[in-house]
Amino acid sequence: QVQLVESGGGLVQPGGSLRLSCAASGSISGFSAMGWYRQAPGKQRDLVATISSVGRTGYADSVKGRFTISGDNSKKTVTLQMNSLKPDDTAVYYCWGRKVVNYWGQGTQVTVSS
């Protein structure tokens, strides 16, 4: 059984920073890609950032220049550094990994508010 466990969410003021981390455990040697999605109340789950097993990254337009994804496929970890946070970034953030099928974490709440 494969599990993805997120950490690092919380409450931050606009303009602040947060760092989300995700670690995978279980019987999987690595992922073809890992990343982060988010879901705000009443909205669909949207892609935030991804990183492939060879380090290629991709970002949603709304977070380009503010968020940075990094990962270590051998350690099955992925991190999202979020800077210049805005109230619109408020959402539950989900760690995602793919190897044939999709794997999801349980989600961590990020709230950006003054």
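Start by selecting strands S1 and S3: the two pair in the antiparallel sense over 5 bridges, where pairing requires that DSSP finds at least two bridges between the strands. Strands here are DSSP runs of E with at least two residues, numbered from the N terminus. The model is predicted, so local features need pLDDT of at least 70 and side-chain atom pairs count only at pLDDT 80 or more, while totals for chains, interfaces and linings use all residues. Residues are numbered from 1 along each chain as its sequence is written, and side-chain values use heavy atoms, with hydrogens and water left out.

**Stop 1: strand S1**

Buried means under 20% relative accessible area, exposed means over 50%, and partly exposed lies in between (1.4 Å probe, protein chains only). Across the pairing, valine 5 stands opposite alanine 23 in S3.

**Stop 2: the disulfide**

Select cysteine 22 and cysteine 95. Their sulfur atoms are 2.0 Å apart and form a disulfide, a term that covers cysteine sulfur pairs within 2.5 Å. The structure holds 1 disulfide. Cysteine 22 is in strand S3 and cysteine 95 is in strand S9, so the link joins distant parts of the chain, 73 residues apart. The torsion about the S-S bond is about -85°, which means the disulfide is left-handed. Cysteine 22 and cysteine 95 are both buried.

**Stop 3: the nonpolar core**

Next, select Trp36, Val48, Phe67, Val78, Leu80, Met82 and Tyr93. Of the 28 residues in the largest nonpolar core, these touch the most other members. Such a core is a set of buried Ala, Val, Leu, Ile, Met, Phe, Trp, Tyr and Cys residues joined through side-chain atoms within 4.5 Å. Strands that each supply at least two residues of this core include S4 (33-39), S5 (46-52), S8 (77-82) and S9 (91-99). Strand S3 gives the largest share, 4 residues. In soluble globular proteins, nonpolar side chains tend to be buried together.

Which residues surround valine 48, leaving aside its neighbours within four places in sequence? Its contacts are Trp36, Tyr37, Arg38, Gly58, Tyr59, Ala60, Val63, Phe67, Leu80 and Tyr93. Contact means heavy atoms within 4.5 Å.

**Stop 4: threonine 108**

Move to threonine 108, found in strand S11. Threonine 108 counts as buried because its relative accessibility is 13%. Its side chain reaches the backbone nitrogen of glycine 9 at 3.4 Å. Beyond four places in sequence, threonine 108 is in contact with Glu6, Gly9, Leu20, Ala91, Val92 and Tyr93.

**Stop 5: the salt bridges**

Select Arg38, Arg66 and Asp89, which are linked in a network of salt bridges. A salt bridge is a side-chain nitrogen of Lys or Arg within 4 Å of a carboxyl oxygen of Asp or Glu. By this rule the count comes to 3 salt bridges.

Aspartate 89 meets arginine 38 with an N to O distance of 2.9 Å. Aspartate 89 is in the loop between S8 and S9, arginine 38 is in strand S4, and the two are 51 residues apart. Aspartate 89 is buried at 1% relative accessibility, and arginine 38 is buried at 13%.

Aspartate 89 also meets arginine 66, at 2.8 Å, N to O. Arginine 66 lies in the loop between strand S6 (57-59) and S7, so this pair ties together parts that are 23 residues apart in sequence. Arginine 66 is buried.

For another salt bridge, select lysine 64 and aspartate 61, whose closest N and O atoms are 3.1 Å apart. Aspartate 61 is exposed, at 64% relative accessibility.

**Stop 6: loop residues**

Most residues other than glycine have a negative phi. Lysine 76, in the loop between S7 and S8, has a positive phi near 60°. Lysine 76 is buried, with a relative accessible area of 15%. Serine 84, in the loop between S8 and S9, has a positive phi near 50°. Serine 84 is partly exposed, with a relative accessible area of 40%.

Finish at proline 41, in the loop between S4 and S5. Is proline 41 buried or exposed? Proline 41 counts as exposed, at 73% relative accessibility. Its C-alpha atom is separated by 7.1 Å from that of alanine 91, 50 residues away along the chain.

Note on methods: Polar contact = N/O pair within 3.5 Å; in protein donor to acceptor, adjacent residues only side chain to side chain.
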